[in-house]
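Student: I have a protein model open and would like to learn how to read it. Where should I start?

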Amino acid sequence: MIVRLNPVPCLPLLPEIPEAVPAEGLLLRLSQSRSPDRNWANLREGASLPEGMELVSLREVWKLLGEEAFVEAGRARQLMDWYGETNFCGRCGRRMADHETDGARTCESCGLTVYPTVSPAIIVAIERDGKLLLARGLNFPKGRYSVLAGFVEPGESLEEAVQREIFEEVSLRVKDIRYFGSQPWPFPHSLMMGFTAVWDSGEISIDPREIGEADWFAPKEFPEIPPSISISRKLIDDFILRHRRKESFPVRP
Ligand SMILES: [Zn+2]
């Protein structure tokens, strides 16, 4: 992603990048549906960046420019990737064309219509006697712990996905599953749906293919947790707020 770092960090506007190749057709329609004055572009191969701009990863957009720009850049990335992956029909192999009215593409030969991919995933904060279940995923940065998450499978309700994931990863049963909130997560095209739940039965037994360690933590004992913008951190902060005692304890940024 290209960001402007000077004089003020922001997502650049198209006219600021002379060597950009603007989106056309459906992509242009999709880009403008949220922000009429903004649209997406690819940089011409081998092109140099204007002064004050830099090429960064999507995660760095979040660090440099904050949540709003991250969501906007994430949406652009997801839709541009999807568009590039749907030039040919997955059923008959012929050309796909932009749908006339919907944000979709249709096969010119067999009529198959495909919409942008969104993969629902659940993420859940489980508590037991004033402690929160935190786990270290094998793919996490070193030392980082978080709440558990996993993809929803076809034919499953969100509540069933919560129960299945928790049982698969740490062999626990939970109750009182309540919706918390959601967050688009463009790595590559998830929609994270957050829940809180209460331990019901079982003792922690991890699936070593996914989890390095898992344990119950009181707020004062928390290990390193995810940064503040993610829904995982929002779930953890919500737990802390609900269990705040009179004594103070440090919360890492
Ligand atoms: Zn087809």
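Student: Into which domains is the protein divided?
Tutor: This is a predicted model. Its chain is divided into domain 1 (2-85), domain 2 (88-116) and domain 3 (119-242).

Student: How far apart do the C-alpha centres of domain 2 and domain 3 lie?
Tutor: The distance between those two centres is 37 Å. For scale, the C-alpha atoms of the protein fill a box of roughly 55 × 50 × 30 Å along the principal axes.

Student: How many helices and strands are there in the protein?
Tutor: The protein has five helices and 13 strands.

Student: What percentage of the residues count as buried?
Tutor: Of 253 residues, 25% count as buried. Contacts can be sorted by separation in sequence: of those between residues at least 6 apart, 59% join residues at least 24 apart.

Student: How do I read the packing of helix H1 and helix H3?
Tutor: Look at the angle and the distance between the axes. Helix H1 (residues 25-34) and helix H3 (residues 67-84) pack at about 165 degrees, and their axes are 11 Å apart. Angles over 145 degrees count as roughly antiparallel, so H1 is roughly antiparallel to H3.

Student: Which residues make the contact?
Tutor: H1 contributes Leu27, Leu30 and Ser31. From H3 come Ala76, Leu79, Met80 and Tyr83.

Student: How do the residues of this contact divide into nonpolar, polar and charged?
Tutor: Six are nonpolar, one is polar and none is charged.

Student: Is the crossing of H1 and H3 left-handed or right-handed?
Tutor: H1 passes H3 in a right-handed crossing.

Terms used:
Residues numbered from 1 in each chain as written. Predicted model: local features only at pLDDT ≥ 70, side-chain atom pairs only at ≥ 80, totals over all residues. Helix = DSSP H or I, 4+ residues; strand = E, 2+ residues; numbered from the N terminus. Buried ≥ 20, exposed ≤ 12 C-beta atoms within 10 Å, placed from the backbone. Contact = placed C-beta atoms within 7 Å. Domains from an automatic or database assignment. Axes fitted to C-alpha atoms, helices over the stretch in contact; angles between N-to-C directions. Parallel < 35°, antiparallel > 145°, perpendicular 65-115°, else oblique. Left-handed = near helix turned anticlockwise from the far one by under 90°. Nonpolar A, V, L, I, M, F, W, Y, C, P; charged D, E, K, R; others polar.
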